[in-house]
Amino acid sequence: MAFRTTAVVRSGLKKWAYNLSGFNKYGLLRDDCLYENEDVQEALRRLPDHVVDERNFRIVRAVQLSIQKTILPKEEWTKYEEDKLYLTPIVEQVKKEREEREQWEKNY
C-alpha cells in the first residue's frame with residue numbers, strides 16, 4: 001500500500017515539476033531544450049527531416065513568444081503525458097558510439 005502511495009506522489013511531483021519548468025507553456029518538448037553539443041548535433045542529423053522541421057518550428061515559435069513576452073493559450077501547452085523523448089535515445093546511442101570509438105583509438 002505504501003509503495004503505491006509513494007508511486008502516486010512521485011508521479012504527481014514529476015507533473016508538478018514539469019509544469020513548473022515553463023518550457024511547456026511555449027509548446028516545447030523536453031528534448032527541444034537539450035544543449036546542442038556535438039553528440040546532440042549528430043543525433044539531430046540522424047533524425048528524419050520532418051521531425052527536425054517540427055523541432056525547429058517549436059523552437060522558433062517559442063523564441064517569438066518569448067520576444068513578445070507572451071505564452072501559448074493553455075489548451076496548446078505541451079502536456080506531461082504527451083511529451084515524448086524523441087531525441088534522447090539517439091543521443092545516448094551517439095554517446096556510446098563516441099565512447100567506443102575513443103576507447104578503440106586509445107587501445108589500437
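Leu13 sits in helix α1, which spans residues 2-21. Helices here are DSSP runs of H or I with at least four residues, numbered from the N terminus. The model is predicted: local features need pLDDT of at least 70, side-chain atom pairs count only at pLDDT 80 or more, and totals for chains, interfaces and linings use all residues. Residues are numbered from 1 along each chain as its sequence is written, and side-chain values use heavy atoms, leaving out hydrogens and water.

Now to helix α2. It covers residues 38-46, and Asp39, Val40, Ala43 and Leu44 are buried there. Buried means under 20% relative accessible area, exposed over 50%, and partly exposed in between (1.4 Å probe, protein chains only). Down the axis of α2, the buried residues fall within an arc of 135°, so they line one face of the helix. The arc is taken from the directions from the helix axis to the C-beta atoms. An α-helix has 3.6 residues a turn, so residues three or four places apart point the same way.

The buried residues of α2 pack against α3 (49-67) and α4 (88-107). Contact here means heavy atoms within 4.5 Å. Glu38 and Arg45 are exposed, on the face turned away from the buried side.

Glu42 also lies in α2. Glu42 counts as partly exposed because its relative accessibility is 22%.

| Pair | Distance |
|---|---|
| Asn37 side-chain oxygen, Asp39 backbone nitrogen | within 3.2 Å |
| Glu42 side chain, Arg46 side chain (polar contact) | 3.0 Å |
| Glu42 C-alpha, Ile90 C-alpha | 8.9 Å |

A polar contact is a pair of N or O atoms within 3.5 Å; within protein, one must be able to donate a hydrogen and the other to accept it, and residues adjacent in sequence count only if both atoms are side-chain atoms.

Definitions and conventions:
Helices (H or I, at least four residues) and strands (E, at least two) are DSSP runs, numbered from the N terminus.
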